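Here is a friendly walk through a two-chain model. Have the structure open as you read.

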Amino acid sequence: MSGQASTDRRSNVSLARRACNIRRKAVQMGEVQGQGYVGQALGVADLLAVSFFHAVEYRSEDPEWEGRDRFLLSIGHYAIAFYAALMEAGILPEEELGTYGMDDSRMPMSGMASYTPGMEMSGGSLGLGLSVAVGRALGLKRKKSGALVFNLMSDGELGEGSTWEAAMGAAHHRLDNLICLVDFNNQQADGASTGMLSAEPVDAKFAAFGWFVQRIDGNDIDALVAAFDAARAHDGPEPRVIICDTKMCKGVPFLETREMAHFVRVEPDEWQKALDALDEEAPK
Amino acid sequence: MSAATRARKYEPRKLPEGKQATSAMIASLEAEGYDTVSAPFGHALNALAAQDERIVGLSADLSKYTDLHVFAQANPDRFYQVGMAEQLLMGTAAGLAHEGFIPFATTYAVFASRRAYDFVSQAIAEEGLPVKICCALPGLTSGYGPSHQATEDIAIFRGLPDIAIVDPCDATDVAQMVPELVAWNGPTYARLLRGQVANVLQKHKPDYQFKLGRAQMIREGKDVLVISAGIMTMRALDAAEDLAADGIDVAVLHCPTIKPLDTETILAEAGKGRLTVVAENHTKLGGLGEAVATTLLTAGVTPVFRQIGLPDAFLEAGALPTLHDMYGISRRAVAEQIKGWL
């Protein structure tokens, strides 16, 4: 499964440094527009770093390489984080960072497949991704491909009934080539997700639906690496889910302590402060 | 309002002298005088699948009721049963299409259009994926009431960019549209006729062949032009025979592709000064009638224009022959309406 490209990626740059770089790029893009889903990006950066620099097979120079793992961004709102990861992975040129959300940019505010290299689906209408992932996993099996399907979704999408249709479908069809990643930051538009339509106990729910379940601290890089490895190595027909409890705004202390909100307000003079905070804690 | 006050009182229908009450269990269409073909959709799909490995079939617990079971029996390894989950049906079809397959996704028209619309729009159409949605029980072809009567499916899908919409009339249309749907480079929505399907068009025009995007004259006539789709072309052809006995000469332009609309043929025919009637098995809102009206007005072609179609209402439950009479889409009702407009 491991290709040449992966060996290069797993070089001497630490995953923690990759996560920091992803955070920096997301903050820089937020500054371009003066807004963005930066809180979510900071929270999910570790998960994306481990995905793109440890778990997922791809070729930077050929984003449509047939042997790649399919990484679906069900939650189109997280595009700002995903673009940062695509740039860090060399799939999107970093020179385009300043175009984020602008007219004619390849990086619209919500992720869409037709705009961006490496974007496998148009997400954003929440709850789409997992069912599309089921189809792709079935399709890969039809083609006798060993590639995996990853679906990155948010805890808010657990409220959509379609998510559970797909959860049943994935288990029914024994899709052991499907790994679902749930970014559980307990935050959605009107407040805490557990406070409006709680999916808890979400690990027990997925287990009852027939999935191989892991629940980890999604900001702990070692735990992420171990979980991805266990999901890949698991010797069973079940689809895999990694529920990642993450902290909004992780890595920028003055934002972490700000009143939690779906759409974190950042004042014009705070973008540089956020970058400074990231640099201060930057790993080598 | 309590449920009790909403329920209607039983009032036996007043029947014409000598007429028996009709059972609501009568589910088939009245199509007297035509031969039928069994499961034309399933057999056509089998024939195409034998040549095209990309084709797979999916159903949401309705393969037996969409004739996809014919495909499933012949190609068990290419059939995906997703269960009673229409959003999963469309999402799964999208995923398979992403991987290079051409999925035929089947359910009832009400469920594809109402329940799964966002998945059709965002997972399939916005991505330009070649998913072929084929749905039984179009318009008023079920006596079950609004839960199963897809009176607005075309209106729902017409607003969706890039999708081709087909409303076939008969077994020839159903069978011949299958390869044409695959040849269409993108998503399609087709209404299905299932089971024993009448062979209508070639009886009236032996060399008729379905062509996606084309309206075709099935019958010439100098007094009235009927532009019709789906089973209403059969109704129009039958009514035309009845009206001919009264000396009324009716032309029937069959327009099974609702989108993209064959505006060239429609404008040419409607520009000949005849009463122009659009007949559709669909609410008069948002379907073929309004599409034709917009086409005519925009081009400055303004014949006397009338619509035959279903009312803007939730329809009654009951037996189909009764309902088709009641809502003006039976052979007799079509002839009467046209006569009244002359």
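What is the order of the seven strands in the open sheet of chain B?

## The sheet of chain B

The strands run β3-β2-β4-β5-β7-β6-β12, and their pairing is mixed. Two strands pair if DSSP finds at least two bridges between them. At the edges sit β3 (79-81) and β12 (257-259) of chain B, each of which pairs on one side only. Neighbouring strands are turned by 20° against each other on average, direction ignored. Helices (H or I, at least four residues) and strands (E, at least two) are DSSP runs, numbered from the N terminus.

Strand β2 (residues 55-59) of chain B runs parallel to β3(B), and three bridges join them. Here B:Ser59 stands opposite B:Gln81 in β3(B). Helix α4(B) packs on the sheet, where it touches β2, β3 and β4 (102-108) of chain B, and its direction makes about 170° with that of β4(B). Such angles run from 0 to 180 degrees between N-to-C directions, with axes fitted to C-alpha atoms, for helices over the stretch in contact.

## How the model is described

This is a predicted model: local features need pLDDT of at least 70, side-chain atom pairs count only at pLDDT 80 or more, and totals for chains, interfaces and linings use all residues. Residues are numbered from 1 along each chain as its sequence is written, while chains are lettered from A and ligands numbered from 1 in the order in which they are written.

## Where the chains meet

In chain B, 20 residues are in contact with 19 residues of chain A (contact: C-beta atoms, placed from the backbone, within 7 Å). On the chain B side, α4(B) gives the most, with nine residues.

## A helix of chain A

Helix α6 (residues 161-172) of chain A has 12 residues and reaches 17 Å from its first C-alpha to its last, close to the 16 Å expected (1.5 Å times one less than its number of residues). Its buried residues include A:Ser162, A:Glu165 and A:Gly169. A residue is buried if 20 or more other C-beta atoms, placed from the backbone, lie within 10 Å of its own.

The buried residues of α6(A) pack against α5 (129-142), β3 (178-184) and α7 (202-208) of chain A, together with α4 (86-98) of chain B. Just after α6(A), A:Arg174 takes a positive phi of about 55°.

## Chain B as a whole

Chain B has 14 helices and 14 strands. Buried residues make up 51% of its 342 residues.

Definitions and conventions:
Buried ≥ 20, exposed ≤ 12 C-beta atoms within 10 Å, placed from the backbone. Contact = placed C-beta atoms within 7 Å.
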